[in-house]
Amino acid sequence: MRNREQILEREGGHFPGRTYTEAVLEPAFDEAKNSLLGAMMAINKAHLIMLKEQGLVSEEEALQIASAIRGLDLEGLRQAEYTGQFEDLFFQVEHELHAAAGDIADNLHLARSRNDMGIAIYRIVLREKLLVTLRGALALKSQLLSFAEEHKDTIMIGYTHTQQAQPTTLAHYILAMADSLDRDIRRLQAAYANCNRSSMGAAALTTSGFAISRERVKDLLGFDELIYNSYDAIGGADYVGEMMTAVQLAAINLGRSSQDFLLWCTQEFGMLRVADPYVQISSIMPQKRNPVSFEHMRALLSSCVGNTQTVLTMMHNTPFGDIVDTEDDMQPYAWKALKVLERMYRLLSCVIGTVDVNKEVLRKRTEGSFATVTELADTLVRSDRLSFRSSHHIVSRLVKRAVADGLAANQITLELVNEIALEVIGRKLSLTEEQLRMALDPVHFVDIRTLPGGPAPSEIQSVIAKRKGAQQTQEQWLDAARKQVEGALKNLDDILAGWSGSR
């Protein structure tokens, strides 16, 4: 038997082939019944309402179709196995509506295609998942602001190039995280706006000769706008690409801080102690408290980046039109990316909200660090009217001498400073003991940095108040978006229930 005949004997001589079913159609059907069925039914209801209002189906026909829609066994569909009798879930639902209402149910497909319907379904599902993710992001930002307020006086060393740089506060670091997260939230909001647009009425790609109302379906489904150009409506995929780009940046941003937190949990840093619910013990080493919550966070955020990149890669170099590359096979990666990001937002909120900070270790480390000497250089400019470069040379040589002599920063004496000054500029300084002490005090270093965005507690408190105000505005936006969507979908059922005889 020839190879071709052997394959056809095994696969079957008609659509769908056995391997095609196992590799493509069955997984797509399972995803659709679990994730897309609700959105599909909402579109059926909205389209029917519009057809009746436009006089494209009679009242009696509309009642028959509505009764069939409302009578569908959705739970049975969710439990159904793929048999190959129908190509996909759309055709199975269409078949069951036909069985319930007869030929008249087929008019539900007037001026509609799987193309515009499929894109609308994806957008409905994505907007719902994005709103859930945004809720997690806002909850984390609220927790970060509370944590920053608690630690506005917690002195710590800030690092650049992984080396001790300058004193700052834990609140200053956390507010940087919160501001980064705020930008992520705004990017996700922008992605929501471009996602929450209706493709319905585009039909296959050229609209329809029937006098439908695209605007009415848009409103019924809770969309903010139409995708005006009908070719764009079925061909554009940047709505999901934009969302994945925003999610990718958000995951990268969160992953960078997760790496810092994991480092801060080491005995060498001794900075953070993760609460018991978020650590695991060693099977052999009794002393171990493994902060695996941060490890999982870092790894899963990387997986989130991978899923977003998969989406973008699947879009790359595809034709501009209706094509499966940007539909059934791609969407689950977007859903998974959103789900992982939302889970990590929730997890970090819990871990940050319960972590213990060793303030004493941070304070002592900062006091002995040379991270304060930027302020000493600044002080020499003020006290002796030196150029900053001359002052920098003095302090740089001073630090080298102190390190060589085994001195910590807070052990530097005025005598040693003047000795170095004689070597560099040929004279002693007018710097006083008090000025030297203040210049090397990390608390003073932080307190005088009151410029906008600086770490001074007064500035930090002012920023927190502003950020809480912005947080409230974002939460109001989220509440409004959710109420709009939920209200629109509930209204569909209310309209159908109100039709005479459809109860």
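Modeller: A pocket is an open set of grid points with protein on both sides within 12 Å along at least five of seven lines, and its lining residues have an atom within 4 Å of a point. Please keep in mind that this is a predicted model.

Biologist: Understood. Which helix gives the most to the lining of the largest pocket?

Modeller: That is α11, with 9 residues. Helix α11 spans 238–264, and α7 (114–150), β1, β2 (163–169) and α8 (170–195) also supply at least two residues each.

Biologist: How much space lies in the largest pocket, and which residues are the closest to its centre?

Modeller: The space comes to about 790 Å³. The lining counts 34 residues, and Tyr159, Tyr173, Ser257, Asp260 and Trp264 are the closest to the centre.

Biologist: How does that lining divide by class?

Modeller: There are 18 nonpolar, 12 polar and 4 charged residues in the lining of the largest pocket.

Biologist: And the second largest pocket, how much space is there?

Modeller: About 630 Å³. It has 27 lining residues, and those closest to the centre are Asp88, Arg114, Tyr122, Glu327 and Asp328. Two or more lining residues come from each of α2 (18–35), α6, α7 and α13 (331–354).

Biologist: Which of these gives the most?

Modeller: Helix α2 does, with 7 residues. By class, the lining of the second largest pocket holds 16 nonpolar, 3 polar and 8 charged residues.

Biologist: What lines the largest cavity?

Modeller: Its lining consists of Met40, Asn44, Phe90, Val93, Glu94, Leu97, Ala105, Leu108, His109, Arg112 and Met117. The classes are 7 nonpolar, 2 polar and 2 charged.

Biologist: And which residues line the second largest cavity?

Modeller: Those are Met156, Ile157, Tyr159, Trp264, Phe269, Met271, Leu362, Arg365 and Thr366. Strand β1 (155–160) and helix α14 (359–368) are the elements that give two or more residues there. Of the lining residues, 7 are nonpolar, 1 is polar and 1 is charged.

Biologist: Now the surface. Which residues form a nonpolar patch?

Modeller: Leu205, Tyr231 and Phe320 form one, and together they have about 290 Å² of accessible area. Leu205 lies in the loop between β3 (197–198) and α9 (214–220).

Biologist: Why is Leu205 classed as partly exposed?

Modeller: Leu205 is put in that class because its relative accessible area is 32%, and the class covers values between 20% and 50%.

Biologist: One last residue. Where is Glu419 found, and how far is it from Leu429?

Modeller: Glu419 is in helix α17, residues 414–425. Glu419 and Leu429 are 10 residues apart in sequence and 9.5 Å apart in space, C-alpha to C-alpha. Glu419 is also partly exposed, with a relative accessible area of 37%.

Methods
Residues numbered from 1 in each chain as written. Predicted model: local features only at pLDDT ≥ 70, side-chain atom pairs only at ≥ 80, totals over all residues. Heavy atoms only, no water. 1 Å grid on protein atoms, 1.4 Å probe; cavity = no way out; pocket = protein on both sides within 12 Å on 5 of 7 lines; lining within 4 Å. Nonpolar A, V, L, I, M, F, W, Y, C, P; charged D, E, K, R; others polar. Helix = DSSP H or I, 4+ residues; strand = E, 2+ residues; numbered from the N terminus. Patch = residues over 30% accessible without salt bridge, like charges linked within 9 Å, V, L, I, M, F, W, Y side chains within 5 Å. Areas by Shrake-Rupley, 256 points an atom, 1.4 Å probe, with all protein chains shown as cover. Salt bridge = Lys/Arg side-chain N within 4 Å of Asp/Glu carboxyl O. Buried < 20%, exposed > 50% of the residue type's maximum accessible area, 1.4 Å probe, protein only. Points joined across faces, edges and corners; volume = space filled by probe spheres on them.
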